[in-house]
Each structure stands twice: as structure tokens, then as C-alpha cells.
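Visitor: I have a structure open and I'd like to talk it through with someone. Could we start with the charged pairs and then move on to other parts?

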Amino acid sequence: MKITKRFNRVITPLNCSTSNPKCQISKNDPRLNPKSKPKRSRAIKKKTLTLSDSDANIEENLNPAFIILEKPPKILSFDFYQIDALHLAPQLLGKYLKKDDVVLQITEVEAYRSNDSACHSRVGITSRTAPSFGPGGHALVYLCYGMHNMLNIVADKEGIGSAVLIRSCAPISGLETIKQRRGLDTEKPVLLTGPGKVGQALGLTTEWSNHALFTPGGLEILDGPEVKGMVVGPRVGIDYALPEHVSALWRFAIAGSPWISAPKNTLRPPLSSG
């Protein structure tokens, strides 16, 4: 099935700007006319999120927390990634990860910079860190504790050595595949709240390192709705780093989303620049 058809039915959290054309609700949406009837009836399975016309169950209970995207998202370009990891990280929130029949929406990330004592590239170029020194827009998948394949998005220009860790996502399509890969029959956030869980749900191994995310096929990152609210906090599990990097507010998440990993109590709205 072509990607255009698959995204005609995507359901996503309503955390986007009303000025974004991708986030406008269709005039034919039954929510705008309570007396209108759906064109066809479908079996309703609570909280099922899907893109595929072949998936039988779609949440259609007019929950205002969801909207329907009318246009299929485009693959993010190479240029999108050619910026500092600290700037790229919040821009990845709301974007879509696609591989096979699985589509996830990015809900939580962490930035790792080249001069950062918590960043793997601090040790220089090794077989494990080499992908992070390539140009932005490529995948870096590293094995943590010998069991968790964790997806990072390489940022900035070639030779910099920085990346953004994908910490959590929300399921959009391929829920049954996600459950099978995770070995977990649930639709609760525990399914995808954690970097190892995201890698497992996408079926990633370290062989995906260096994969170009801006090219069609394989693993892709697609454009998504603009995030309206965001929370920030210190990164997780980096006690080995210098104090200034341990406390740095380089963890970003979509405000109000249940698809965020623990700890949540360290996340706060960002300070106003004004």
C-alpha cells in the first residue's frame, strides 16, 4: 500500500497550532455537524490508532483530543537535520517515525551535543560512535546493556558528533506489529515509553546505524503537526556526566501527552524568553 493512502486516516494528538495547514479539521468531519451521519459504520475499539485502510478498528467516538490529518506527511529533508542537536531535539516532537507497517509519533527526546560529557561521542570516533560523526539526518542505533537497541537521530554537520535520542513515542499505525515485537498485549503507554521500547517496536538493530532517514524506504521520519505545548527537564540516566550536564534541561516532551517515560516529575514548562 502506498504511503499516501496509508496516511489519509492518521489520528494524532491535538497538540498543534491551528495555523498549521496540516492540522485543520475537514469541513466534512461529523464533529462539525452533530446531525450528520458517518458515511459507513465501523467496529469501534477503544484507543486504537491506525493509518491503514486495512485496519478494521478506528477510534471514532468524536474525542476532541484527536483530529484527522487530511494531507499525507512528507519525508523531512536533509537540510532539516543540519542544526545543533539542542535545536533539533524539540523540533522532532510531533514528527512521525515510519518503518514497515509501523508508524509512531515522537513524544519525547533528549539532546546530546559534541561538547557534552554525557554524549557517547565524547570518547572520539569508534566503531560504535562513528555514525554520530556523519552528517545530520542519519540514524544511530546503539546497543545498551546488551539488550536495548536505542534510536538516535544524528544532528548537525559532518564531523560534529551530536545526536538526539528518541525516548518515547505514541502508536499511530501497526499496533498489532508493535505488540508482537514488544511481546506485550497492551495499548497503554508502557508499550512505547522508553528508548529501548521504541527501538524494539520498530524492529531496529545496530545494522540500521548510518541509514539515511531522509530517503524513501526503510526507516523514515515524516513531517508532523506543530507542537503547541512542551515540557523540559534534565536527561535520564547520566549520573556519570559533569554536574552542569546532568542538570542541563535537554530533555523535551509534548506537554500533556501520556506517552512520556519516567520520571515525569522532573519535567516543567520551559521558562519564557520574555
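Guide: Before the pairs themselves, one term is needed: a salt bridge is a side-chain nitrogen of Lys or Arg within 4 Å of a carboxyl oxygen of Asp or Glu. Please also keep in mind that this is a predicted model.

Visitor: Okay, how many salt bridges does the structure hold?

Guide: The structure holds eleven salt bridges. One of them is formed by K179 with E187, where the closest N and O atoms are 3.4 Å apart, and K179 is buried, as is E187.

Visitor: Why does K179 count as buried?

Guide: K179 counts as buried because its relative accessibility is 9%, and buried means under 20% relative accessible area.

Visitor: And which side chain does K179 meet at 3.7 Å?

Guide: That is the side chain of E176, which meets the side chain of K179 in a salt bridge at 3.7 Å, N to O. K179 and E176 are separated by about one helical turn, because they are three residues apart in helix 3, which covers residues 175-182.

Visitor: What about E108 and R251, how do their side chains meet?

Guide: The side chains of E108 and R251 meet in a salt bridge of 2.7 Å, N to O. This pair links distant parts of the chain, since E108 lies in strand 4 and R251 in strand 10 (residues 251-254), 143 residues apart. Both E108 and R251 are buried.

Visitor: Switching topic: which residues in the largest nonpolar core touch the most other members?

Guide: Those are L92, L97 and L151, out of the 40 residues in the largest nonpolar core. Several elements give two or more residues to this core, including helix 2 (85-92), helix 3 and strand 10, while the largest share, five residues, comes from strand 4.

Visitor: What is L92 in contact with, leaving aside its neighbours within four places in sequence?

Guide: With those neighbours left aside, L92 is in contact with F80, Y81, I106, V109, I153, V164 and I221.

Visitor: One more spot: is H245 buried or exposed?

Guide: H245 is buried, with a relative accessible area of 12%, and H245 is found in helix 5, residues 243-246. Leaving aside its neighbours within four places in sequence, H245 is in contact with N115, D116, S117, R235, I238 and W250.

Visitor: And where is L242 placed?

Guide: L242 is in the loop between strand 9 (230-233) and helix 5, and L242 counts as partly exposed, because its relative accessibility is 43%. L242 and D116 are 126 residues apart in sequence, and their C-alpha atoms are 8.5 Å apart in space.

Note on methods. Residues are numbered from 1 along each chain as its sequence is written. This is a predicted model: local features need pLDDT of at least 70, side-chain atom pairs count only at pLDDT 80 or more; totals for chains, interfaces and linings use all residues. Side-chain values use heavy atoms; hydrogens and water are left out. Helices (H or I, at least four residues) and strands (E, at least two) are DSSP runs, numbered from the N terminus. Buried means under 20% relative accessible area, exposed over 50%, partly exposed in between (1.4 Å probe, protein chains only). Contact means heavy atoms within 4.5 Å. A nonpolar core is a set of buried Ala, Val, Leu, Ile, Met, Phe, Trp, Tyr and Cys residues joined through side-chain atoms within 4.5 Å.
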